[in-house]
Amino acid sequence: MTELLFRDDAYLKTATARVLAVHDRGLELDRTIFYPLGGGQPGDTGFLVRASGERIPIGDARKGATLDSVLHIPAAGAAPVRPQVGESLNLEIDWQRRYALMRLHTALHVMSCVVIAPVTGGNISPDKGRLDFDIDMALLDAAKIERETNALIARALDTETVWITDEELDARPDLVKTMSVQPPRGVGRVRLLKIPGIDLQPCGGTHVRNIGEIGPIRVLKIRSEGKHNKRVEIALAG
Ligand SMILES: [Zn+2]
């Protein structure tokens with residue numbers, strides 16, 4: 001089990017950790033700032049730095065076999081390094097990339113309150129993000145979505161993390177907008193992102209502290225990806 005430091009503080013750029021296990025595919029640590037791929041947000045990249053100063057480039061982070069475990073996957077082409085179990089490492093994430101992902105991820109939360117329709121999918125990369133909606137194409141107006149999303153972002157509200165029990169979530173099915181990604185059940189509690197007065201929904205990803213940090217967004221394109229998937233793609237404008 002890995003302590004997920006990004007869950008309580010998404011702004012940690014460095015940390016120290018010990019090696020728990022070395023697998024063929026990647027390293028498990030006792031704590032981490034690397035967000036593993038999930039909920040449409042890609043895994044973090046960065047470095048694990050040994051006491052000798054040797055830097056192990058990490059090309060991806062993925063969920064491991066057990067709950068809350070994270071595999072730190074060495075970048076393709078990196079020289080093979082096998083740290084020892086128990087060895088202490090310094091962790092560094094590619095902060096510029098992660099911060100762009102956090103801003104875009106939070107922007108999608110805001111946009112999901114401008115387009116009122118069930119969300120059927122979503123994805124984020126460092127340069128753009130998208131949500132798919134089950135909605136009539138004629139109801140999607142790029143200029144209007146951009147204007148209304150930017151007006152909400154300009155309110156510069158602080159975001160909050162709220163935890164509720166599985167039972168509380170079961171009693172509030174309206175909280176779950178995303179049909180394709182149901183929040184994990186059976187852990188006893190579910191993490192929600194709250195943007196006061198704007199949005200409240202289950203999400204395990206990393207978000208900015210204040211939506212003003214997103215800055216203006218622009219709608220790149222709107223297109224149909226099928227009967228129930230109308231895709232709205234956005235990018236950070238600044
Ligand atoms: Zn989120």
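How many bridges join E14 to strand E15, and do the two run parallel or antiparallel? The points below start there. Keep in mind that this is a predicted model.

1. **The E14–E15 pair.** Seven bridges join E14 to strand E15, which spans residues 230-236. The two strands run antiparallel.

2. **The four-stranded sheet.** E14 and E15 belong to an open sheet of four strands. Read across it, and the order is E9-E10-E15-E14, with antiparallel pairing. The edges are strand E9 (119-125) and strand E14 (217-224), each of which pairs on one side only. From one strand to the next, the twist averages 15 degrees. As background, the strands of a sheet pair through backbone hydrogen bonds, and this can be parallel or antiparallel.

3. **Helix H2 on the sheet.** Helix H2 covers residues 95-111 and packs on this sheet. H2 touches E9, strand E10 (128-133), E14 and E15. Its direction makes about 135 degrees with that of E15.

4. **Helix H3.** Helix H3 is made of residues 142-153. H3 lies across E14 and E15. It runs at about 140 degrees to E14.

5. **The zinc site.** Four residues coordinate the zinc ion: His 105, His 109, Cys 203 and His 207. Each histidine uses its NE2 atom, while the cysteine uses SG. The distances are 2.0 to 2.1 Å. Along the chain, the donors follow the spacing H-x3-H-x93-C-x3-H.

6. **Geometry of the site.** Why is the arrangement called tetrahedral? The four donor atoms subtend angles of 101 to 123 degrees around the zinc ion, and that makes it tetrahedral. The test is that all angles lie between 85 and 135 degrees.

7. Are Cys 203 and His 207 buried or exposed? Cys 203 has a relative accessible area of 15%, so it is buried. His 207 is at 8%, so this residue counts as buried too. The cut-off for buried is under 20%.

8. **The three-stranded sheet.** Another open sheet has three strands, in the order E11-E12-E13, again with antiparallel pairing. Strand E11 (160-165) and strand E13 (199-202) are its edges, and each pairs on one side only. Neighbouring strands here are turned by 30 degrees against each other on average, direction ignored.

9. **The E12–E13 pair.** Strand E12 (residues 189-195) is joined to E13 by four bridges, and the two run antiparallel. For a landmark, look for Ile 195, which stands opposite Asp 199 in E13.

Definitions and conventions. Residues numbered from 1 in each chain as written. Predicted model: local features only at pLDDT ≥ 70, side-chain atom pairs only at ≥ 80, totals over all residues. Heavy atoms only, no water. Pairing = 2+ DSSP bridges. Axes fitted to C-alpha atoms, helices over the stretch in contact; angles between N-to-C directions. Contact = heavy atoms within 4.5 Å. Donors = N, O, S within 2.8 Å, 3.2 Å for Na, K, Ca; no water. Tetrahedral: all angles 85-135°; square planar, octahedral: opposite > 155°, others 65-115°. Buried < 20%, exposed > 50% of the residue type's maximum accessible area, 1.4 Å probe, protein only.
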